[in-house]
Every structure is written in C-alpha cells, then in structure tokens.
Amino acid sequence: MNILLVDAALNFGMLAALSAVLYAAPSPLLNPSAVPFGVRVPPDKARAAAVEEQRGRYRGAMLVAAAVVTVSASALGAALGTLTAGAVGSLLLCALAAALWVRAHRGIARAKAEGGWYEQARQGAVMDTSLRTDPVRFPWGWTVPALVVIAVSVAAGAVVYPGLPERIAMPERSLGGTVHRTYPTSVWTAFGLVLGQVVLTLIMAATVAGLLRARADLDVARPVAGAARHRRYLTATARSMMGIAALLNLMLLGLSALMWSDTRSTAMTLAAAGVPLLAVLAVTAWLVLRVGPSGSRLPETADEENTGLVPRDDDRFWHGAGTVYVNADDPAFLVPKRVGIGWTVNFGNPRSLVVAALVLAVAVGSAVVPAVR
C-alpha cells in the first residue's frame, strides 16, 4: 500500500471529520437549543434574529477555514509523507473555532441583556426526587460483552505466551507512519493491552455509575414528561457507553493478536483498530441523531399542560463561553453540559479538586515513569 496515499487519506479524513463536527457545533444536534453558544435564553428566543445571525457568522467563517486548511494540510501531508500537517491543521481549526465561539457567545449575551429577554419571563426550577430514591439501574447485562472480550483475551494470551519470542514487537502510530518497536517479552508487555481492557472497562463502568446519579436538567415547562424522558436518556446513554467499552476492548484484542503473532501489516493494523472505531462512531452518531443533548430528540410519552415557566437565568455560574461551571452553592458534582453532549464537572464542588489532582497525578506519572525506565 502506498504510504503517501495512506497519509494523505488519514490527513484528509481527520481534518474533514473535525471540520464537520466544528461546523455543526452550534446546532441543536450537539447543544441544548435553549443555550445557543453557551448563553441561557428563554425557549422562545432560541431562534431569535440575534442568535441566527451569530450562527450564520460562525458557520460562514468555519466553512471557508475548513476548506482551506483541509486541502492545504492534506496536500502537504501527502508530499512530506507525514501526519504532522494534519495535526497542525487540526490545532488551527480548533483555535479558530474557539475564537469564533467566544465572539458569538458575547454577541448573544449582549443582545440578551439589551433586549431584556428575561424581564417578563416566569423563571423556575424543577427536581425529580425519585431519581435519588429510585434511580435508573446500572445496566449490568450490558457489561457482559466487555467482560467476555476480556476473558477471551486472557485465555488466548495464556495459550500463546509460552511460545512467544524473547522480544516482542508493538505497533505504534507516529507522525511519520506506523513503526514497530521491540521490547523484552514479559507478562507486562505481552498482556499490556489486556490490562488496558480491564482499566478501560472499570473506568467506563465507574463513569456510568456516576452519570446515573448526576444532576438532571429537567424541562420546567413539562416536568413530568421531562423526568420520564430523562430516565430514558440515562438508560440509552448508559447502555451505549458499556457497548462502546466492549468495542474498544475488541480493538485491543485485535491489536494484541497482531502483537502475539508478530504481524506487522499496516493494512491488518488499520483493520484491527479501524473497524471497532467505526462501530464506536456509529453508536455515537445514534446518540447524537436519535437521542440528542439531554434526550431532547426522544419522543415525549406523557401529555402534560405547559406550566408557562422558563429555566432560570444561571449564566453567572458559567464561564469560558459556557464551558466551565463553578457554583459553590450547588452540591452536584456532575451537571449537564451547555456546550456539547454529556456532563461536565462543577468546579465549585471541592470533590472536583480531588478528581483534578488525581487526573494530573496519573498524567504526570504516565509521562515520567516511561522516561525514567
């Protein structure tokens, strides 16, 4: 396989996918409709002229930048035979998208203040206590595929380990292409990816358990229907995340098999990693298109009269253009995101500092230990 064509395709695919995500970032597919560009607005202002103007300016600039950067970086990467151009292009696109997002955020916040969008609105909040007394159950059955893949990996590794050579080769994707580095054969090197499966599954299961008890952002206009939709949203998200864990474990099993058999084919490596990753993308696309942010695309199952309330204006707790939540008076550790799908940490909660310290310690240890060795 021509390595130049592979690098060109990888550069183009990476930049094209990133460009599509960044272009679609302001749409209701990836963000709650009532918080355009991270600004809380009344539902009837979600498509106000000021909001649509900022969306148009953001998308126009991103479309031009994405076309220029993608074509230029793909051509340069093919000429040099490296992924460096794609990596640099990705950083440029992300930086530009961040700058455009901040500009749009400020424009909508200014229009909201000048227009007095919340002056006549009846603000309110709603809570479903049954989410604590009768929470959505952890999807234990959906952990079985991930555990089965781990069991198969352990059994296969135990069979082939006695026959492995003194040194074992591990594929690594560098900026210059796929390379194979050899290491002395040991339990740690032979079963390193299997250990990765275990750690990944534990982290995913812990994350799901935390999300099932995260604070809910319910619809104050239709609280009963909103609570029912939120439960279905949690169920779909939890099952999908455990399914993604199984797919990633399958990818690690494929890479382990290549390592144990000393297969150094680039095509086989791409297939072992690419097929499960494509399946992960398919699951993610289903969550985006059929479920939506906070389950906004799920159909309502209850007929309920509108209360006439709108969500409270809580912009003062959100910083970084709607990306960082800081509220010391909110006991919640995880809260629904304003930008993107999922949850974010309440940095006003002391527990977030402990988690941040642990993540930093793991990151530093991962960098320092290999260097010392």
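For the classes used here, Ala, Val, Leu, Ile, Met, Phe, Trp, Tyr, Cys and Pro count as nonpolar, Asp, Glu, Lys and Arg as charged, and the others, Gly among them, as polar. The model is predicted, with local features needing pLDDT of at least 70 and side-chain atom pairs counting only at pLDDT 80 or more, while totals for chains, interfaces and linings use all residues. Residues are numbered from 1 along each chain as its sequence is written, and side-chain values use heavy atoms, with hydrogens and water left out.

On a 1 Å grid over the protein atoms alone, a cavity is a set of points where a 1.4 Å probe fits but cannot get out; a pocket is an open set with protein on both sides within 12 Å along at least five of seven lines; lining residues have an atom within 4 Å of a point. Points are joined across faces, edges and corners, and a volume is the space filled by probe spheres set on them.

One cavity of 30 Å³ or more is counted. The largest cavity has a volume of about 80 Å³, and its lining has four nonpolar, one polar and six charged residues. Among them are Arg 215, Asp 217 and Trp 318.

The largest pocket holds about 880 Å³ of space. Of its 31 lining residues, Met 127, Arg 215, Ala 216, Arg 312 and Asp 330 lie nearest its centre.

The second largest pocket has a volume of about 590 Å³. Its lining has 12 nonpolar, six polar and six charged residues.
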